[in-house]
Amino acid sequence: MSRKIIVFDTTLRDGEQVPGAKLNVQQKIEIAQQLKKLRVDIIEAGFPASSEGDFRAVQEIARSVGDSVSITALARAVKSDIDAVYESVKIAQDPLIHIVLGTSNIHVEKKFNRSKDAVMEMGVEAVRYAKTLLPHVQYSTEDASRSDFEYLWSTIEAVVKAGATMINVPDTVGYAVPDEFGDLIRRINDRLKNLNPDVILSVHCHNDLGMATANTLAAIKNGAEKVECTINGLGERAGNASLEEVVMGMKVRENFYQCHTNINTKELLRTSMLVSHLTGLDVQVNKAITGANAFAHSSGIHQDGLLKDKQVYEIMSPEEVGADSMELILTARSGRHAFKNAVEKLGFETNDAADFEVLFAKFLELADAKKEVYDHDVFYLVANHRTLAD
Ligand code: KIV
Ligand code: ZN
């Protein structure tokens, strides 16, 4: 039977930690609304103890989309952080407190300079306190993949006994490799299911060795029930596991993973474009699933094969992720009708005739300069125009 995997999006927390990706409150709400359309299960909206602005953003997101998506935010294992999370997410229908504390020797010795027992006790105390505020508490064992297994397990056991309802196992520095990470998750899962089968086991992978998606999928194969990802794989350093890759990996290879998600995959491309536009961070052209070339075929042999049967060179249809099976490339001679069609196809309205004329003039300028205008160009053109008009 196919298992449902919970999708937790942390674009607005871990993703926003990328240098240069600063978003204002309105932009964060816009992304959160798109994540709701995408049907993610949980949105991590920020780190409210870090600043007044972050607190306000989390609160506004909880207010605007928290009626149908679970909302969480990050806290260190200290009361003031947990209070900030509680105060910012409590208006949502299904709020969750997310606590993080390291378990590796490096974190315990270098970051906290305390004994292992003392650090574990900090985590337990934090969970006990969070449970007085909300029923749902996630505990992240930071740097789990470089932790001593027995200490990692003792921490998990202790925080579950204190009331944690989700255990998140991060590969914080992207050090793990798929076989090893899958094995780690299987060992934790075996013990966790004996301890308390209701606790959800989650993973959070970073991409320092380019293996965040592979590690996440290996974890799913070995019992993980929840995945933490970001749109376009945004995140610290080389980024986080990319939501679109993890979700489509499960979907395209459903027979292998025997898992599914609730994601509306037809919204993937639009979400990717919106995040790229608002953060100002480009998506590489050959990025899996959402890159401009993800469904482009240029060699004669491939084109010939595709014309005979698409499955010869396509493992998923572009429509499944919200792209066109045949992207029309616009030029300065395309005319209003073709441009209007491209704009509407990308989810924008064109009802205001005067506004459309301004937009069309901008398109002609771009087409003169660039010669060929792709869907991605049209998206950024319209999104920029609308932002300036607001
Ligand atoms: O990478 C990490 O360990 C994190 C935690 C807060 C889950 O981002
Ligand atoms: Zn992270």
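**Ligand 1 shell and chain fold**

The shell around ligand 1 holds three nonpolar, five polar and two charged residues. Ala, Val, Leu, Ile, Met, Phe, Trp, Tyr, Cys and Pro count as nonpolar, Asp, Glu, Lys and Arg as charged, and the others, Gly among them, as polar. This is a predicted model: local features need pLDDT of at least 70, side-chain atom pairs count only at pLDDT 80 or more, and totals for chains, interfaces and linings use all residues. Residues are numbered from 1 along each chain as its sequence is written, while chains are lettered from A and ligands numbered from 1 in the order in which they are written.

**Ligand shell**
- Around ligand 1 sit Asp-14, Leu-74, Val-100, Ser-140, Glu-142, Asn-168, Pro-170, Thr-172, His-204 and His-206 (C-beta atom, placed from the backbone, within 6 Å of the ligand).
- Strand 6 (137-142) and strand 7 (166-171) each give at least two residues to this shell.

**Whole chain**
- The chain has 15 helices and ten strands (DSSP runs, numbered from the N terminus: H or I, at least four residues, for helices; E, at least two, for strands).
- Its C-alpha atoms fill a box of roughly 70 × 45 × 35 Å along the principal axes.
- Of the 390 residues, 44% are buried (20 or more other C-beta atoms within 10 Å of the residue's own, all placed from the backbone).

**Helix 2**
- The 14 residues of helix 2 (residues 52-65) should span 20 Å at 1.5 Å a residue, and the end C-alpha atoms are 20 Å apart, which agrees (expected span: 1.5 Å times one less than the number of residues).
- Buried in helix 2 are Asp-54, Ala-57, Val-58, Gln-59, Ile-61, Ala-62 and Val-65.

Technical notes. Buried ≥ 20, exposed ≤ 12 C-beta atoms within 10 Å, placed from the backbone.
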